[in-house]
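Let's walk through this structure together, starting with how it divides up and then turning to how its parts meet.

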Amino acid sequence: MRLVSKTSQYVVMSLFAVIFLAPLVWMVSASLRPEAKVLSVPPQFLPTDAQWDNYRQVFELIPVFLWNSVKLAGLNVVGILIVASMAGYAFARLRFAGRDAAFMVLLATSIIPGIAYLIPQYIVFRQIGWVDTQYPLWVPKVLTPVFATFLMRQSFLTIPQELEDAGKIDGASTFGIYWRIMLPQTKPALAAIGVFTFLESWNDLFGPLIYINSENLQTLPVALAQFQGEYFTQISLLMCGATVSVVPVIVVFLFAQRYFIQGITMTGMKG
Amino acid sequence: MAEAPIPNHQPEIRRARRKANLVGWLFISPIVVGVVAFQFFPILVSIGASLTDWNGISAPKFVGLRNFTELFGNDPLFIQTFKNTIYFTLASIPLTIGIGLVLALLCARPIRGVAFFRTAYFAPYVTNVVAIGFVWFWFFQPDNGVVNGLLDQVGIPGPQWLSSSTWAMPAVIMVSVWQGIGYPMIILLAGLQGLPAEYFESAKIDGAGAFQRLRFITLPLLTPHFLFLLITQFITSFQVFGLIYVMTKGGPGHATSVYIFNIYQNAFGFGKVGYASAMAWILFAVIAAVTFLQWKFQKRWVFYS
């Protein structure tokens with residue numbers, strides 16, 4: 001006997017699905033409504049006579065924000081994959097003095113809450129003229145991927161020694177072994193880190209909020225929050241912007257869900 | 001491996017070892033430079049700053065522990081944001097883990113369409129807080145919002161939500177739970193899928209019902225996952241910021257002003273860098289202490305098979 005029958009399980013699961021999806025559906029449908037009908041009583045979840053013109057108006061405003069989001073996500077993903085895979089490879093497969101101590105020290109830094117170093121970081125960046133530039137939104141992140149390094153190390157540890165030995169016999173350099181032989185073996189971990197980094201960069205609020213003042217440098221989600229009174233004066237247009245800010249993430253998530261979930265469970269529970 | 005007794009090879013070995021050290025450190029140099037420059041150094045500055053009166057521009061003035069005594073003795077707003085954060089944390093942790101468990105149990109059964117449901121429950125987790133905050137901000141409008149519209153249809157007069165100092169925090173907690181549930185769900189789902197089937201079969205043979213199997217086999221076997229979630233959820237909920245910033249900006253009054261929001265305002269709004277740094281280190285102490293206690297008391301209830 002099961003605790004619940006299949007039918008009642010479907011009913012319960014569908015109810016939950018409505019709770020989790022309805023606000024997102026409402027966002028899309030509100031983005032397509034005429035402004036006067038956005039907040040109707042009783043509430044409507046499906047659009048009638050779709051106002052595609054809302055999107056035309058919004059796309060006159062947001063390409064620059066969209067590009068900033070894409071650019072920063074790209075810089076973070078590529079940078080973190082390179083830095084973390086190099087360090088992860090060294091910590092897993094190379095022998096050198098101070099290796100384990102250095103790894104422990106890196107892990108130890110991750111217990112300090114980010115806010116403790118974000119404040120002095122801000123002051124230093126202000127001193128060197130990095131406030132109101134996009135450098136603080138990728139340079140410090142790309143150079144401190146402690147978590148991703150940990151994941152890459154785990155992944156490199158699982159590769160059989162014979163592969164590496166074969167490379168050595170062929171006379172490949174250490175960098176050649178890492179780049180051509182070992183790195184292709186860690187694709188699942190690279191994919192997981194890539195998806196994580198993309199989402200984190202895309203959804204970041206705190207960084208763009210404190211560093212960016214110029215509108216032409218702002219990311220899409222934060223631009224919506226910062227300029228809502230100035231440019232996105234109507235709720236329907238705000239919802240268009242919100243929808244556009246969510247779609248890339250949902251697309252990436254749908255295609256890479258497997259790696260994303262793998263990443264969460266890998267980092268979460270080991271054994 | 002230091003005293004290899006082959007004297008004529010020693011220089012070669014030493015050279016090889018020096019090269020290996022150099023190559024290893026070259027591989028880790030980007031992250032080492034980064035962590036030193038962007039974390040270690042700022043951490044040291046932050047520790048120092050917490051003992052000063054400093055606006056981040058002019059020279060810091062050493063004040064000893066005055067920031068700390070001021071915070072606990074003479075700053076009612078700090079105490080209130082501390083309490084608000086505890087309220088937020090204590091309400092959201094059991095809700096996220098509890099509902100996350102229900103969803104994980106539902107999704108663990110291999111039925112048709114389960115992937116769709118899992119994705120649906122997880123979708124808010126990957127959605128940015130600005131979009132989510134906006135949607136729920138309008139949902140919670142007292143007169144023409146969706147939430148009160150639905151309550152109205154079942155005959156319940158809805159409260160003022162985000163403009164009520166009583167109901168703003170519950171509203172924010174609801175949204176946070178709604179958004180965050182995907183994470184515990186995935187962790188617990190992975191845990192459920194890793195449980196050894198033999199236990200359940202022998203329990204079935206012994207005549208244990210579905211509820212008994214859940215109570216006496218599934219839940220005890222998941223306790224390591226619950227411990228992990230308690231620790232991580234505490235750390236993240238105690239540092240909630242985004243939703244609060246988008247939905248209420250800490251208001252009405254200071255009803256939803258939480259710890260990180262208070263630090264944010266002091267450091268980046270009022271330029272009280274020393275004061276905000278002191279708050280950051282109190283935060284660190286709280287998180288470290290609670291994590292330590294959770295770790296220490298796990299023997300009482302966590303079951304390792």
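Domain bounds here come from an automatic or database domain assignment. For chain A, that assignment gives domain 1 (1-51) and domain 2 (52-268). Their centres, taken over C-alpha atoms, are separated by 32 Å. Where the two domains touch, domain 1 of chain A and domain 2 of chain A supply 10 residues each; a contact means that the C-beta atoms of two residues, placed from the backbone, lie within 7 Å.

A word on the basis of all this: the model is predicted, local features need pLDDT of at least 70, side-chain atom pairs count only at pLDDT 80 or more, and totals for chains, interfaces and linings use all residues. Residues are numbered from 1 along each chain as its sequence is written, while chains are lettered from A and ligands numbered from 1 in the order in which they are written.

Now for the partner chain. Chain B has 14 helices and 2 strands, where helices (H or I, at least four residues) and strands (E, at least two) are DSSP runs, numbered from the N terminus. Its C-alpha atoms fill a box of roughly 90 × 70 × 35 Å along the principal axes. Among contacts in chain B between residues at least 6 apart in sequence, 68% link residues at least 24 apart.

Finally, see how the chains meet: 77 residues of chain B are in contact with 73 residues of chain A. Helix H1 (residues 10-49) of chain B gives the largest share of chain B's side, 20 residues.
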